[in-house]
Amino acid sequence: MTTSELDTATARQFPIERCPFGPPAEYATMRGEAPIVPIRLPSGRTVWAVTRHAEAQKLLTDPRISTDSSREGFPRMTETTDEDLNERVAEAHAGFFIDMDPPEHDVFRRMLISEFSVKRIRAMRPGIEKTAYDLADAMLCSPRSAGDRPADLVADFGLPLPSLVICQLLGVPYEDRELFQTRTRQMVDFTTEPEASFAAVMEIRAYIDGLVTRAEENPGDGLLGRLVRERRATGELAHDELVGMMFLLLVAGHETTANMLPLSVLTLLRHPDQLAELRADPELWPGAVEELMRYQSIVDWAAFDRMAVEDIPLGDQTIRAGDGVYVLGLAADRDERAFPEPDVFDIHRGARNHVAFGYGVHQCLGQNLARAELEIALRVLYERIPDLRAAADVEDLPFRYGAPIFGLAAFPVTW
Ligand code: HEM
């Protein structure tokens with residue numbers, strides 16, 4: 001029998017608040033029920049939630065699934081009836097290729113692939129390491145930390161590290177971080193009103209527009225300068241498209257890792273035996289980073305909003321053309337069919353098959369960079385501050401439940 005209609009009556013309300021160290025309990029229940037189950041978004045729309053790992057990978061690689069949010073009927077988490085705002089949002093999307101389908105998407109992605117290759121990121125490692133040592137030393141030596149500990153692992157280490165690295169890579173002045181860091185957090189905060197969220201988008205875009213205009217007159221050494229010389233000057237990229245690409249790289253390049261780093265420290269502090277192993281054998285860090293990614297899966301559904309453009313049969317169900325689909329990355333990464341004892345944190349499990357960086361054509365372009373940053377930053381942090389520990393009870397920490405990308409607003413630490 002084929003159950004093909006989205007059953008609004010049985011749909012759960014979404015999003016369901018996550019727990020600090022794992023998915024909400026409902027995820028396991030939903031995964032047990034079926035690989036796809038109906039859920040109701042705050043916008044009132046009922047969509048399919050994908051709960052299992054195999055089906056998540058299948059759907060994220062299915063060409064009948066679209067990520068283009070400018071399509072009519074695209075399932076948004078929140079809806080605004082302000083037509084003017086909807087139109088302005090659509091206009092601001094030039095070059096923002098995470099929201100595009102092939103072949104349009106591939107044109108932009110292809111221009112950047114070599115910039116994020118394993119080889120290119122390997123060459124960046126000494127610079128990342130120096131940044132990590134500088135930040136750890138500054139934390140140890142700063143009058144703030146020495147005088148009135150605790151330090152804040154988010155403000156003093158987790159956020160500056162990826163911000164410095166991406167600024168340097170792109171050729172964006174780090175002095176301007178206040179603007180793009182605060183606006184990014186407003187933009188990705190689920191509790192922000194659509195108008196305020198759009199205002200934050202436009203402020204970052206306006207800032208980047210200025211950078212691109214200056215680079216068009218006088219290209220510098222970073223990735224922006226290279227794109228101006230090699231793609232803009234040849235007419236391959238329009239001004240607005242270059243702005244959209246830089247916007248995506250700047251936002252995706254700092255906010256995700258900034259959340260992941262402090263959460264990783266917290267997770268390791270809760271598993272002292274495995275932390276001791278890592279400190280004794282630094283070769284274990286790459287495997288540990290994969291497990292941290294799987295275990296936290298911080299993006300969960302936030303980047304995985306999709307719409308079926310044709311009917312897609314899946315097991316004994318069918319996703320109809322026009323149906324919305326949200327892949328629950330965190331549910332997939334805790335699927336016992338893919339990861340035995342999925343709720344156990346185990347740095348030896350070989351977790352690389354997780355979907356925390358996505359899967360398919362949109363799989364994270366910056367994943368080699370993110371892996372290098374996490375591996376180096378965590379190793380350096382524990383090398384410099386071996387007795388690093390939390391300065392507050394875990395239950396009291398300000399987890400960012402209102403943000404689609406999970407993280408900590410602050411993490412007081414001491415040593
Ligand atoms: C821990 C850190 C990170 C996590 C968890 C993460 C997660 C993700 C995920 C889940 C996607 C897939 C989105 C989708 O399917 O729609 C994605 C895409 C993307 N990420 Fe990351 N990311 C991280 C770091 C980075 C970094 C450092 C960069 C550097 C610029 C970056 C740039 C991008 C870009 C450009 C895309 C869009 C790719 C495309 O559409 O082809 N990410 N990321």
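The side chain of serine 69 makes a polar contact with the side chain of aspartate 99, at 2.9 Å. Here a polar contact is a pair of N or O atoms within 3.5 Å; within protein, one must be able to donate a hydrogen and the other to accept it, and residues adjacent in sequence count only if both atoms are side-chain atoms. This is a predicted model: local features need pLDDT of at least 70, side-chain atom pairs count only at pLDDT 80 or more, and totals for chains, interfaces and linings use all residues. Residues are numbered from 1 along each chain as its sequence is written, and side-chain values use heavy atoms, with hydrogens and water left out.

**Exercise 1.** Find the place of serine 69 and decide: is serine 69 buried or exposed?

*Solution.* 
- Step 1: look in the loop between β4 (65–66) and α3 (83–91), where serine 69 sits. Helices (H or I, at least four residues) and strands (E, at least two) are DSSP runs, numbered from the N terminus.
- Step 2: recall the cut-offs: buried means under 20% relative accessible area, exposed over 50%, partly exposed in between (1.4 Å probe, protein chains only).
- Step 3: serine 69 has 8% relative accessibility, so serine 69 counts as buried.
- Step 4: list its contacts (heavy atoms within 4.5 Å). Leaving aside neighbours within four places in sequence, serine 69 touches Phe74, Arg76, His93 and Asp99.

**Exercise 2.** Describe the surroundings of the ligand: how many residues surround it, and which are the closest?

*Solution.* 
- Step 1: count the residues with a heavy atom within 4 Å of the ligand. There are 27, and the closest are His105, Arg109, Arg306, His362 and Cys364.
- Step 2: A polar side-chain atom of histidine 105 lies 2.6 Å from an oxygen atom, and one of arginine 306 lies 2.8 Å from an oxygen atom. Alanine 303 uses a backbone N or O atom, at 3.0 Å from an oxygen atom.

**Exercise 3.** Work out whether the overall size of the protein chain fits a compact globule.

*Solution.* 
- Step 1: take the radius of gyration over C-alpha atoms; the globule rule is 2.2 Å times the number of residues to the power 0.38.
- Step 2: for 415 residues the rule gives a value near 22 Å, and the chain has 21 Å, which agrees.

Conventions: Near = heavy atom within 4 Å.
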